Amino acid sequence: MNLISCKNLTVNYDKEAAVENLSFSVSFKDYIFILGENGSGKSTLLKTILNLKKKSKGEIFFENLKRNEIGYLPQRITLKKDFPSTVFEIVLSGFVSCCSLFYSKKQKLKVLQILKSLKLENIKNVSFKELSKGQQQKVLLARALCATKKVLFLDEPCANLDPVFTKEFYSLIKKLNEEKNVAIVMVSHDIEAAILNAKKILHIKKKVLFFGEIQDYLKSEFAKVFLRK
Amino acid sequence: MFNEILNVFKYPFLQRAFIAGLFICVCVAILGVSLVVKRFSMIGDGLSHVGFSAFSIACVLNCAPFFVSIPIVVLAAVFLLLLSENSKIKADSAIALISNSCLAIGVVLISITNGINKDVLNYMFGSILALNNLDLILAVTFSFVAIIVFIFSYNKIFSITFDEDFTKAVGVRVKLSKIVMAILTALIIVVGMKFVGALLISSLIVFPVISVSMIFKSFKSVVIFSAIDSAICFVLGFFSSFIFSIPTGAMIVIFNLVVFVICYFVSLFKKLKITLG
């Protein structure tokens with residue numbers, strides 16, 4: 001069952017193409033790693049699918065999927081230093097697209113549950129701006145988990161995480177994928193994690209270099225170049 | 001002194017001033033929380049200059065100021081708040097550009113027609129005592145609508161203020177919410193301007209939020225206590241301005257400043273307590 005399909009997608013940045021004629025699809029229960037060098041258009045692709053950037057050409061179809069069933073963990077957010085907010089408030093805002101007017105008791109309980117699973121429950125009333133980068137990243141992950149129903153997009157999620165939590169993070173995502181049937185689309189540089197976790201690889205350099213099963217990718221020439229580095 | 005306070009309420013024009021002022025102060029403070037965080041602190045200043053130019057156009061055309069200034073200021077607000085989204089000019093410079101051009105246009109128009117008169121001065125420094133029934137009705141309705149809309153879209157406003165991209169990505173109609181916020185801000189500023197004046201309206205936006213957020217951590221508590229702080233400062237400023245016969249707008253700002261200083265020292269004391277254990 002297809003959830004998202006991109007057909008001949010082109011995205012321009014000041015007239016120069018950042019993503020060119022790119023086609024791929026995300027199916028139910030997929031676990032896709034998007035690999036590529038710096039400036040290869042990985043984040044641009046993600047942002048275009050998420051409606052944060054305008055596409056120049058091509059089509060993006062959502063099938064069996066509504067926008068409010070998507071979760072998103074951005075690479076970084078421009079933190080407003082004087083924004084007053086607690087961890088709990090921020091995580092709860094993950095439900096922003098699926099609440100009527102106010103958050104329900106059930107949603108608040110879910111937040112507590114997610115905070116517990118990420119070992120954040122003891123800082124739930126702490127001000128967000130006082131946290132370390134790594135902890136902030138965890139809080140944003142918790143928010144993304146609240147929003148996620150069918151697909152979770154992650155943009156270099158492990159950039160600020162310590163090695164111990166990175167491991168926990170991957171097992172958490174795997175569990176989400178296998179037990180809750182959530183499709184995962186992750187932009188990353190971490191080829192080793194990709195080999196361990198991904199079901200599919202999308203390797204791009206503006207255009208698609210490779211898109212397919214991980215086993216086939218490991219046999220391909222692109223993987224060899226990447227692995228040698 | 002207590003008698004003097006009671007005397008204030010004998011006069012209908014003072015009753016009007018009190019009710020309208022209270023509503024506007026609370027409302028401006030609430031809208032201020034998100035404006036300050038998004039670096040739009042000076043939008044009050046900017047829009048009030050737009051309002052000034054609209055007012056001079058109204059003078060030239062010889063029609064009621066509100067009916068000219070409301071649409072023009074609303075347009076300017078929507079333009080400013082949306083501009084920051086995808087333009088190379090940053091919010092603060094955009095506000096400066098627009099507000100100063102409007103101020104210049106206003107001054108030119110005024111000097112061509114009749115020179116600076118008392119009405120214009122009222123617009124610069126406010127004229128809480130010259131509010132008529134229409135002003136009162138507009139102030140109360142706009143404030144009421146703004147507070148209701150704010151409460152019902154509180155979750156969206158929080159999320160957009162914190163992280164616009166995420167909110168957009170998960171399917172909230174961010175642009176619509178921003179336009180609604182811009183319109184509300186504009187309406188409140190137009191009526192607020194008449195009351196504390198173009199020069200002081202920004203302080204009503206900025207002071208309560210900054211003072212309160214030094215002490216409180218969560219967004220919700222900052223919103224609630226900003227409103228309370230603003231209301232208290234208004235009441236104190238309003239009455240003391242009669243007792244000492246000082247312009248009301250200035251007195252309200254002075255009280256806001258006092259609260260700011262108190263909050264600053266309280267937060268210093270708190271920090272000291274933490275570091276000393």
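User: Why are helix α3 and helix α5 of chain B called roughly parallel?
Analyst: In this predicted model, the axes of α3(B), residues 43-61, and α5(B), residues 91-113, cross at roughly 25 degrees and come within 8 Å. Angles under 35 degrees count as roughly parallel, so α3(B) is roughly parallel to α5(B). The crossing is left-handed.

User: Which residues make that contact between α3(B) and α5(B)?
Analyst: From α3(B), the residues include B:Ile43, B:His49, B:Phe52 and B:Val60. From α5(B), among them are B:Ile95, B:Cys102, B:Leu109 and B:Thr113. By class, the contact has 12 nonpolar, seven polar and no charged residues.

User: What makes α3(B) roughly perpendicular to α10(B)?
Analyst: Helix α10 of chain B spans residues 174-196, and its axis crosses that of α3(B) at roughly 65 degrees, the two coming within 9 Å. The range for roughly perpendicular is 65 to 115 degrees, and therefore α3(B) is described as roughly perpendicular to α10(B). This crossing is right-handed.

User: Which residues of α3(B) and α10(B) meet there?
Analyst: B:Ile43, B:Gly44, B:Leu47, B:Ser48, B:Gly51 and B:Phe52 of α3(B) make the contact with B:Thr185, B:Ala186, B:Ile189 and B:Met193 of α10(B). They divide into six nonpolar, four polar and no charged residues.

User: How do you know that α11(B) is roughly parallel to α13(B)?
Analyst: The axes of α11(B), residues 201-213, and α13(B), residues 248-276, cross at roughly 20 degrees and come within 9 Å. With the cut-off for roughly parallel set at under 35 degrees, α11(B) is therefore roughly parallel to α13(B). The crossing of α11(B) and α13(B) is left-handed. Among the residues that meet are B:Leu204, B:Phe207 and B:Pro208 in α11(B), and B:Ile252, B:Leu257 and B:Phe260 in α13(B). The class division is 10 nonpolar, three polar and no charged.

User: What is the area buried between chain B and chain A?
Analyst: About 2800 Å² is buried between the two chains, and carbon and sulfur atoms give 64% of that area. Chain B puts 27 residues into the contact and chain A puts in 33 residues.

User: Why is the pair B:Asp163 and A:Arg143 called a salt bridge?
Analyst: A salt bridge needs a side-chain nitrogen of Lys or Arg within 4 Å of a carboxyl oxygen of Asp or Glu. The side chains of B:Asp163 and A:Arg143 meet at 2.8 Å, N to O, so the pair falls within the cut-off of 4 Å.

User: What makes A:Glu16 and A:Lys206 a salt bridge?
Analyst: Their closest N and O atoms are 3.8 Å apart. The limit is within 4 Å, so A:Glu16 and A:Lys206 count as a salt bridge.

User: How many residues apart are A:Glu16 and A:Lys206, and where does each lie?
Analyst: A:Glu16 and A:Lys206 are 190 residues apart, and the pair links distant parts of the chain. A:Glu16 lies in strand β2 (residues 16-27) of chain A, and A:Lys206 lies in the loop between β8 (200-205) and β9 (207-213) of chain A.

Notes
Residues are numbered from 1 along each chain as its sequence is written. Chains are lettered from A and ligands numbered from 1 in the order in which they are written. This is a predicted model: local features need pLDDT of at least 70, side-chain atom pairs count only at pLDDT 80 or more; totals for chains, interfaces and linings use all residues. Side-chain values use heavy atoms; hydrogens and water are left out. Axes are lines fitted to C-alpha atoms, for helices over the stretch in contact, and angles run from 0 to 180 degrees between N-to-C directions. Helices (H or I, at least four residues) and strands (E, at least two) are DSSP runs, numbered from the N terminus. Angles under 35 degrees count as roughly parallel, over 145 as roughly antiparallel, 65 to 115 as roughly perpendicular and the rest as oblique. A crossing is left-handed if the near helix is turned anticlockwise from the far one by less than a right angle, and right-handed if clockwise. Contact means heavy atoms within 4.5 Å. Ala, Val, Leu, Ile, Met, Phe, Trp, Tyr, Cys and Pro count as nonpolar, Asp, Glu, Lys and Arg as charged, and the others, Gly among them, as polar. Buried area is the accessible area (1.4 Å probe) that two parts lose on being put together, summed over both.
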